Amino acid sequence: MSWEQAYVFAVLAGALGLFIWGRWRYDIVALAALLAVVVAGIVPAGRAFEGFGHPAVITVAAVLVISRALQNSGMVDRIARWLERAEFGPSTQVAVMAALVAAVSGFMNNVGALALLMPVAIQAAGRSGRPPGELLMPLAFGSLLGGLVTLVGTPPNIIIAALRAEATGTAFGMFDFTPVGLAVAIAGIIFIGVYGWRMIPVREGAAGTDMAQVEGYTTEVLVPRKSGLSGTALQELVAHARADDVGVRAVIRRGEVMSRPKLSETVRINDHLLLEGSAEAIKEILHATPLTLVGNRKLDVADLHDKDSAVVEAVVTPGSLLAGRSFGQTQVERRYGLHLLALARQGRPIREHLSEVRVRAGDVLLLQGAAGSIADAIGAIGCLSLVERDITIHRDPTYLPLIVFAIAFALGVTGLLSLPVAFTGAIVALVVSGQLRARTLS
């Protein structure tokens with residue numbers, strides 16, 4: 001038996017063991033096994049993905065999955081906060097957004113770049129009071145322009161490079177498109193920023209602010225151990241968001257409730273704070289501090305980081321299962337998989353743990369659940385869905401996905417690995433390191 005045969009049998013045995021173990025999904029195990037025989041030189045890199053019809057399919061799909069990891073890392077929210085702090089006029093704001101997405105799309109596919117930065121554009125439009133279309137359409141154009149700059153910027157570039165390799169034996173390099181593509185992209189971005197955005201039709205009622213925005217949400221957070229917040233004044237905590245957006249309505253300490261505490265009051269470990277403000281403002285303070293969101297139960301970081309979940313606003317109807325009862329009494333979490341993140345109510349402010357609040361008809365709830373079933377679950381408990389929100393909380397932002405992507409990109413540029421193999425390896429690395437959940441690949 002040759003060493004190649006022994007190696008293949010070892011890889012198959014390892015893959016079978018991983019299939020039985022069940023820790024990683026079957027597609028990740030299969031990709032890892034394929035990479036193992038490619039790296040060993042048993043399967044030529046150029047033929048590794050022949051079963052998919054064309055390597056471009058794998059390259060584009062891999063870049064989209066890596067885009068999800070970059071979004072999960074918290075980088076998008078960092079960009080959003082930077083843009084929020086910067087003072088931009090309309091033309092400059094459009095040009096910056098178009099240039100940003102063009103730069104990103106040059107290295108990670110224009111569709112992935114657009115998906116990555118769309119939330120940033122929507123938030124920026126809302127905060128500046130502009131119609132979302134004035135930023136979203138330039139964002140789309142910018143992503144297309146950026147895709148002209150490099151080989152991986154857009155699928156046609158990859159396909160043309162592969163066809164040239166078949167015809168001449170030499171494919172286009174990563175930056176062979178750059179001289180022409182970069183010039184076109186710069187000219188296009190200048191036109192969009194100076195005049196192009198003015199040609200976008202503005203529809204009545206298309207203001208950047210959400211007409212269904214609820215400003216008076218109350219949510220419950222915990223001061224965790226080892227957070228370094230003990231002895232911190234409330235004023236320092238709320239300073240991370242605009243003072244008009246977030247207020248501390250009560251501090252619950254060892255069962256005692258301090259209503260409307262002074263901002264000079266200091267917090268202690270295991271204090272429960274009842275914060276009131278808009279969903280976005282509460283999200284901002286959770287980003288900027290180690291406070292833990294509680295809701296109807298203490299939520300793990302994985303719960304808040306899960307991109308397969310959705311957060312939806314729902315109003316309680318008079319005939320709802322919740323009307324007159326608390327979340328704990330109805331066991332909504334166990335029966336329907338819904339978590340209460342925040343509650344908005346007209347009238348008497350909330351001064352107790354959210355899990356103990358008796359819900360009333362007319363209350364607006366911020367609920368989290370599985371993206372595929374949350375609408376049915378909300379209907380089953382007798383509530384009406386309003387608006388889906390992006391309230392994912394990214395704890396401990398990490399540069400690891402960016403580093404993995406940069407390494408894969410460098411391996412592809414230098415020719416040490418083909419782009420499909422390099423990017424597929426990056427996906428496996430991100431799953432193994434916990435930066436991606438395996439079901440994200442579905």
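**Strand 4**

I looked up the bridge partner of V248 in strand 4 and found L275. The model is predicted, and I kept to its rules: local features need pLDDT of at least 70, side-chain atom pairs count only at pLDDT 80 or more, and totals for chains, interfaces and linings use all residues. Residues are numbered from 1 along each chain as its sequence is written, and side-chain values use heavy atoms, with hydrogens and water left out.

Strand 2 (residues 246–253) runs antiparallel to strand 4, and six bridges join them. I took strands (E, at least two residues) and helices (H or I, at least four) as DSSP runs numbered from the N terminus; two strands pair if DSSP finds at least two bridges between them. Strand 1 (residues 217–222) is also antiparallel to strand 4, again with six bridges. On that side I noted E220 opposite L274.

I then asked how many of the six residues of strand 4 are buried. Five are, so strand 4 (residues 272–277) is largely enclosed by the rest of the structure. Buried means under 20% relative accessible area, exposed over 50%, and partly exposed in between (1.4 Å probe, protein chains only).

**Aromatic pairs**

I counted six aromatic pairs. The rule takes rings of Phe, Tyr and Trp (its six-membered ring) with centres within 6.5 Å; planes under 30 degrees apart are stacked, over 60 edge-to-face, and the rest tilted. W3 is exposed at 52% relative accessible area, and Y7 is partly exposed at 29%.

F405 and F409 form a tilted pair, 6.2 Å centre to centre with 40° between the planes. Both sit in helix 16 (residues 400–414), four residues apart. F405 is buried at 8%, as is F409 at 11%. I recorded F175, F405, F409 and F423 as one aromatic cluster.

**Charge over a ring**

I found R164 over the face of F172, at 4.5 Å from the ring centre. The criterion is NZ of Lys or CZ of Arg within 6 Å of the ring centre and within 35 degrees of the ring normal.
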